[in-house]
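Here are some notes to go with the model you asked about. Have a look at it first, then read on.

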Amino acid sequence: FEGMTINELAKRCGESTSTIQNIIINVGERADSEFGALSIDIAELVAMEVGVNVRRLHSDEDAQILPRPPVVTVMGHVDHGKTSLLDALRQTSLAAKEAGGITQHLGAFVVGMQSGAPITFLDTPGHAAFSAMRARGAAVTDVVVLVVAADDGVMPQTLEAMSHAKAANVPIVVAINKCDKPDATPERVKVQLASEGLPLEEMGGDVQVVEVSATNKSGLDQLEEALLLQAELMDLKARINGPAQAYVVEARLDKGRGPLATAIVKAGTLVCGQHVVVGCEWGRIRSIRDMARKVIPQATPAMPVEIEGLKGLPMAGDDIVVVESEERARMLSEGRRKKHEKDRLLKLEEERQKISEAEL
Ligand code: GTP
Ligand code: MG
């Protein structure tokens with residue numbers, strides 16, 4: 001959208017020039033000439049207002065595209081051992097510290113594999129109540145590790161995770177966990193998964209299956225290999241220079257530090273001090289921390305980081321865009337908020353109509 005004129009933007013959005021001009025005037029900008037070049041923020045804001053889903057375009061010439069680590073999300077039914085498996089992979093014991101042993105948030109961290117290649121992992125809760133978190137996890141990830149306990153087999157949230165991965169078009173690697181248990185029947189799990197339509201590799205499909213035990217730490221090398229192989233097949237790359245594009249995976253309010261957002265950078269570099277718009281919120285990045293809570297000056301693709309300095313609490317799934325000034329940040333977030341409110345009212349109205357139709 002860089003340097004686009006009002007006229008061109010109208011065409012791209014399928015709207016009339018006057019509609020576009022009105023929106024620009026509404027956000028307090030000038031829109032005198034149909035042929036004047038728009039700044040990228042204004043163009044994006046307008047596109048958003050008319051409901052066009054925008055992905056910022058950057059000039060390709062000086063874009064530095066490099067391989068990036070894979071983002072892997074661990075999913076599965078409650079208590080099947082997702083957090084334990086991640087603990088085993090990074091040699092810590094987070095599962096033991098969780099309240100009631102149940103994951104209630106989306107944890108993110110980077111694990112350096114034995115081969116030296118880093119993988120960014122997202123942990124998700126398996127409890128039925130956290131369906132939205134699993135859906136978001138699937139949306140920001142490259143690969144889903146579907147954890148199925150060998151004794152329990154395929155359960156409701158196993159199937160739900162499968163459908164989220166399918167919906168997001170993300171490949172699955174199956175980890176059959178708890179294979180150390182005497183009543184473990186990994187073969188039965190495979191049959192169940194296949195009958196649910198998952199094309200397993202050993203049955204001629206392309207989904208890798210690894211038998212593991214988080215407790216015994218067995219099968220971890222094979223799981224690591226399977227993930228790196230899957231990542232290699234996908235040839236994951238990202239632009240690493242230029243403005244960052246990132247996604248919020250989790251946000252919380254800290255008493256002393258204010259709103260904190262855990263985010264994963266998709267492209268570009270997020271730099272401390274930048275002005276950002278995050279969903280309907282905005283702010284200036286006061287600090288960036290890695291998942292070990294260490295302050296770092298900037299974040300590159302596939303890195304999970306915690307950012308501080310937002311004015312309000314964003315929502316998981318929100319996108320982060322970098323803008324040039326505080327004024328722009330405020331304006332963009334205001335525009336988004338108005339759009340959000342309008343959508344909400346529209347939806348309410350639709351629901352009301354549905355109800356009254358049902359009553360007739
Ligand atoms: P939620 O986050 O609540 O969905 O659970 P989770 O999938 O993260 O499971 P978690 O890692 O908390 O493990 C659940 C229970 O299973 C714990 O008591 C673990 O000790 C046990 N467990 C996990 N992995 C294994 C394993 O490989 N073998 C055996 N025997 N027990 C395991
Ligand atoms: Mg867990």
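In which sense do strand S5 and strand S6 pair, and over how many bridges?

1. S5 (residues 143–149) and S6 (residues 172–177) run parallel, joined by six bridges. Ala149 sits opposite Asn177 in S6. Strands here are DSSP E runs of at least two residues, helices are H or I runs of at least four, and both are numbered from the N terminus. Two strands count as paired if DSSP finds at least two bridges between them.

2. A word on ground rules. This is a predicted model, so local features need pLDDT of at least 70 and side-chain atom pairs count only at pLDDT 80 or more, while totals for chains, interfaces and linings use all residues. Residues are numbered from 1 along each chain as its sequence is written, chains are lettered from A and ligands numbered from 1 in the order written, and side-chain values use heavy atoms, leaving out hydrogens and water.

3. Back to the sheet: S5 and S6 belong to an open, mixed sheet of six strands, in the order S3-S4-S2-S5-S6-S7. S3 (107–112) and S7 (209–211) are the edge strands, each with a single partner, so one side of each has no neighbour in the sheet. From one strand to the next, the twist averages 25 degrees. Helix H4 (residues 82–90) packs on this sheet, touching S2 (71–76), S3, S4 (118–123), S5 and S6, and its direction makes about 155 degrees with that of S4. Contact means heavy atoms within 4.5 Å; axes are lines fitted to C-alpha atoms (for helices, over the stretch in contact), with angles from 0 to 180 degrees between N-to-C directions.

4. Now look at strand S16 (residues 304–310). Seven of its seven residues are buried, so the rest of the structure largely encloses it. Buried means under 20% relative accessible area, exposed over 50%, partly exposed in between (1.4 Å probe, protein chains only). S16 pairs antiparallel with S10 (residues 258–267) over five bridges, with Ala261 opposite Ile307. Four bridges also join S16 to S13 (residues 281–289), again antiparallel, and there Gly283 faces Leu310.

5. Helix H9 (residues 326–359) has 34 residues and spans 49 Å from first C-alpha to last, close to the expected 50 Å. That expectation is 1.5 Å times one less than the number of residues. Buried residues in H9 include Arg328, Met331 and Arg336.

6. Cys179 is partly exposed at 25%.
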